[in-house]
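Here's a quick briefing on a handful of side chains and how they pack. Have the viewer open while you read.

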Amino acid sequence: MVDTTVHAEKPSRSWRGRVPWGIAAFVAAICLLPHVSVLIAAFMGSTETLQSLAETVLARYTRATLALLVLVVLFSTIIGTIAAWLVTTTEFWGRRVLEIALVLPLAFPAYVLAYAYTHVLDHPGIVQATLRTVTGWGPRDYWFPEIRSLGGAAAMLTLVLYPYVYLLARAAFASQSATTFYAAQSLGQTRIGAFWRVSLPMARPAIASGAMLVGMETIADFGTVSYFGVQTFAVGIYSSWFTFADRAAAAQLSLGLLAFALLLAVLERINRGEARYAFGRKFEQMSRVRLNGLAGKLAFLTCFLPAFLGCLLPVVMLSEMALGSEQSLLSPRYLQFAQNSVTLGLVAAVITVAVALLFGSLARSRSSWSATIMLYIGRLGYAVPGGVIAVGLLVPFAYFDNTLDAYMRDTFGISTGLLFTGSIWLLVCAYMIRFLAAAIGAYEGGVAVINPNMDAAARVLGQSEWGLLRRVHFPLLRPSLFTALLIVFVDVMKELPATLIMRPFNFDTLAVQAHRLASDERLAGAAVPSLVIVAIGTLPVILLCRRIRNEQGKTKEGA
């Protein structure tokens, strides 16, 4: 009987172990599919298409993408780093409020800022109209910066993306011990010199990571650059797919954009290298320097302007635009838009976090090369723009649908139609691939505080991998998983290129409606769905601000 029982349990345990492993391997293959399909489709496309692209638009796309990338990364890094240093090491009037306000622009999609500032700064806008009224000038009697330009797109993206650098740089500066800084000052360095020679190099890995995130979001942007008429790779992919119906050209442009993304990741890794900094056993919190007079005013303006231009002013402008529009959020049409957006966000968030939990749990419980590879594959999606993922999924699934339909017609006289192409589930799959890295990051942040000895104790007490996850990890990971759900939910609400390319027929979201109204120059109407997207986007930002406050409280208690 004993032998029989043992032999009966072994297949059960083996079966239970193989099922999650098989599911994880299948999901990893789906995550890898867009990269492979884009590569294959690009090389299978005709050379005539590639030659035509090279002779007409390829150089323009490359110049615009590179210029936009350099401008946004440069200014986001400068603004984020300086603001982080000021709020971490100095004391000035309004610092406590600005420390949180600097994070708020994260709630805004860049294309929403583009609609708001165009409404105010364009030729018919209130600023130029007032200028002409006051001075009596005609339309050709003065020069005014053109908002619909590459510089305007760079400004919009900088205002919403600098918080990535700010958050990581702030955490890096706060974790530095004052002893190193004071040692530099004792050797003759001024406070600014110690910042340049000690604090900034030590924070370089964190700043480089933030700059890489800014770069990824910049090359992936479609809504802002398309509205401003900036010809980047993201715009070219959408135009090739819809305007010219040229899948080969879209795949080849996607490959170019993918090369940009991978180049950014490699450069960030090379720049960071194996940088490690030891602070010693003694940690001393940096004392804040009180800034008064002109220095205090300059510090206040340096931190106030990014938050004001990136959040407070756009809210006022959008609210004024929405009041003058004829759009009603309570109409059945808008309620349907909101329902579609919320449904996609919820479903994609739950699936994405579940996959992140599966990948992370397997990598933690089974330290094998295959589990590590699946975890890295899950992170690849964040380096790939939504338009590239959309093309990479549509090409193979459209081929499968067409092949199956042709076979069923010829064999049975039955048309199967499009089973996957243009379906909700394929769109959700694109969201999952795009934002899985964010969910994995949240999971790893939460699981890092769980002592491995707890896992060993649970296994000694007879818990299986599923029992360990359900009874030990999941209760401890609830805050991190909830944060991951909110982050993915808001990212899905803001995602535009993948939704535009892959959404089912007659299935529109708030982001698509805002883009459509803005494309028709109905900016007042576009303000209504834009405000809803921003309102939903503030949820994870508020949670992030609360976490910053809690960290400040713990730091003070420890000091």
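Which residues form one aromatic cluster? Trp93, Phe300, Phe304 and Phe308 do. Bear in mind that this is a predicted model, where local features need pLDDT of at least 70, side-chain atom pairs count only at pLDDT 80 or more, and totals for chains, interfaces and linings use all residues. Residues are numbered from 1 along each chain as its sequence is written, and side-chain values use heavy atoms, with hydrogens and water left out.

**Aromatic pairs**
- The structure holds nine aromatic pairs (ring centres of Phe, Tyr or the six-membered ring of Trp within 6.5 Å; planes under 30 degrees apart are stacked, over 60 edge-to-face, the rest tilted).
- Tyrosine 111 and tyrosine 115 make a tilted pair, because their ring centres sit 6.0 Å apart with the planes at 50 degrees.
- Both of these tyrosines lie in helix H5 (residues 110-121), four residues apart, about one turn of the helix (helices are DSSP runs of H or I, at least four residues, numbered from the N terminus).
- Tyrosine 115 also pairs edge-to-face with tyrosine 227, at 5.2 Å centre to centre and 85 degrees between the planes.
- Tyrosine 227 is in helix H10, so this pair ties helix H5 to a part 112 residues apart in sequence.

**Threonine 224**
- Threonine 224 belongs to helix H10 (residues 223-228).
- With 0% relative accessibility, threonine 224 counts as buried (under 20% relative accessible area, 1.4 Å probe, protein chains only).
- A polar atom of the threonine 224 side chain lies 3.1 Å from the backbone nitrogen of tyrosine 111.
- Tyrosine 111 is buried too, at 4%.

Conventions
Helix = DSSP H or I, 4+ residues; strand = E, 2+ residues; numbered from the N terminus. Buried < 20%, exposed > 50% of the residue type's maximum accessible area, 1.4 Å probe, protein only. Polar contact = N/O pair within 3.5 Å; in protein donor to acceptor, adjacent residues only side chain to side chain.
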